[in-house]
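Here's a quick briefing to read with the structure open beside you. Take it one topic at a time and find each residue as you go.

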Amino acid sequence: MNPVARRATIFAVLAALMAATRLHHFGAVPDASWAVFFIGGFYLAGGTRWAFPALMALAVAVDWFVITSQGLSFWTHYCVSPAYWCLVPAYFAMWAGGLWLKRHVAGPALAGVLKLAASLVVSVVVCHLIAQGSFYWISSSVAEPTLAGWWKNYTDWLLPYGRVAALYVGGAAMLHVLLTRVLPQPAPARALHAD
């Protein structure tokens, strides 16, 4: 598969995964958005200028669809406040983690796994700090914000969000190993690197 077709396929799979899981944020299948941006940063690094904005637009479009299909106004919904727009830098923190991993993943397998784990943890911590922190401090949803209240909210939700991102990214990593190392590939395909 040529690099353009490969990128388009990866983008389509990530977009479909995010759309399918974001439709039901707290459904039986958890929202893959954070993992999608991390994985996108790794595989679509060369297309950051188009892929990141396209996935952001899809995230907003899905949110708009979910909210308006319930007969509610998107702009007055509980989740859509000035803090909502902080999802852009929050999700870019996930994307940047994938970018960093792509640039530093070479080396022994164990080192690659440790780099994956470290970059994912840092990305989740920063993403959650921006997303949850902005919602807590900027939106009008918290009547009397306090540092202690923010910290409790932050720590209450960090592990659940991190766990979900880790499950999806772990699944993607296993699929990556299966497709690149286990299954036989024609000689020209082996020379391709994810970008």
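Let's start with a pair of helices: α1 and α3 are roughly parallel to each other, because the angle between them is about 25° and anything under 35 degrees counts as roughly parallel. Keep in mind that this is a predicted model. The chain averages a pLDDT of 88, and 91% of the residues score at least 70.

**How α1 sits against α3**

- The axes of α1 and α3 (residues 48-69) are 10 Å apart, and α1 passes α3 in a right-handed crossing.
- On the α1 side, the contact uses Arg 7, Phe 11, Ala 15, Met 18, Ala 19 and Arg 22.
- On the α3 side, look for Trp 50, Ala 51, Ala 54, Leu 55, Leu 58, Ala 59, Val 62, Asp 63 and Val 66.
- Sort the residues in the contact of α1 with α3 by class and you get 12 nonpolar, no polar and three charged ones.
- An α-helix has 3.6 residues a turn, so residues three or four places apart point the same way.

**Zooming in on Phe 11**

- Phe 11 belongs to helix α1.
- Is Phe 11 buried or exposed? Phe 11 is buried, because its relative accessible area is 18% and the cut-off for buried is under 20%.
- Leaving out neighbours within four places in sequence, Phe 11 is in contact with Leu 44, Trp 50, Ala 51, Ala 54 and Leu 55.
- Phe 11 and Leu 167 are 156 residues apart in sequence, and their C-alpha atoms are 19 Å apart in space.

**How α1 sits against α2**

- Helix α1 (residues 3-22) also packs with α2, this time at an angle of about 170° and with the axes 9 Å apart.
- That angle makes α1 roughly antiparallel to α2, because the label applies to angles over 145 degrees.
- From α1, the residues that meet α2 are Arg 7, Ile 10, Leu 14, Leu 17, Met 18 and Arg 22.
- Their partners in α2 are Ser 33, Val 36, Phe 37, Ile 39, Gly 40 and Tyr 43.
- The contact of α1 with α2 is made up of eight nonpolar, two polar and two charged residues.

- How many of the residues of α2 are buried? The count is 11 of the 11, so α2 is largely enclosed by the rest of the structure.
- Among those buried residues are Trp 34, Ala 35, Phe 38 and Phe 42.
- Among the elements of the chain, α2 (residues 33-43) has the highest mean pLDDT, at 97. At the other end, helix α7 (residues 187-190) has the lowest, at 51.
- The axes of α2 and helix α4 (residues 87-104) come within 6 Å and cross at roughly 35°, and this crossing is right-handed.
- For this contact, α2 supplies Ser 33, Trp 34, Phe 37, Phe 38, Gly 40, Gly 41 and Phe 42.
- Facing them in α4 are Tyr 91, Met 94, Trp 95, Gly 97, Gly 98, Leu 99, Leu 101 and Lys 102.
- By class, the contact of α2 with α4 has nine nonpolar, five polar and one charged residues.

- Ser 119 counts as buried because its relative accessible area is 6%.
- Setting aside residues up to four places away in sequence, Ser 119 touches Phe 38, Gly 97, Trp 100 and Leu 101.
- Cys 127 is buried as well, with a relative accessible area of 0%.
- Which residues does Cys 127 touch, not counting those up to four places away in sequence? They are Trp 34, Ala 90, Tyr 91, Ala 93 and Met 94.
- Cys 127 and Trp 34 are 93 residues apart along the chain, while their C-alpha atoms are separated by 8.3 Å.

**A stop in α6**

- Gly 170 is part of helix α6 (residues 147-182).
- Gly 170 is partly exposed, with a relative accessible area of 24%.
- Gly 170 and Phe 38 are 132 residues apart in sequence, and 11 Å apart in space from C-alpha to C-alpha.

Methods
Residues are numbered from 1 along each chain as its sequence is written. This is a predicted model: local features need pLDDT of at least 70, side-chain atom pairs count only at pLDDT 80 or more; totals for chains, interfaces and linings use all residues. Side-chain values use heavy atoms; hydrogens and water are left out. pLDDT is the predictor's confidence in each residue, from 0 to 100. Helices (H or I, at least four residues) and strands (E, at least two) are DSSP runs, numbered from the N terminus. Axes are lines fitted to C-alpha atoms, for helices over the stretch in contact, and angles run from 0 to 180 degrees between N-to-C directions. Angles under 35 degrees count as roughly parallel, over 145 as roughly antiparallel, 65 to 115 as roughly perpendicular and the rest as oblique. Contact means heavy atoms within 4.5 Å. Ala, Val, Leu, Ile, Met, Phe, Trp, Tyr, Cys and Pro count as nonpolar, Asp, Glu, Lys and Arg as charged, and the others, Gly among them, as polar. Buried means under 20% relative accessible area, exposed over 50%, partly exposed in between (1.4 Å probe, protein chains only). A crossing is left-handed if the near helix is turned anticlockwise from the far one by less than a right angle, and right-handed if clockwise.
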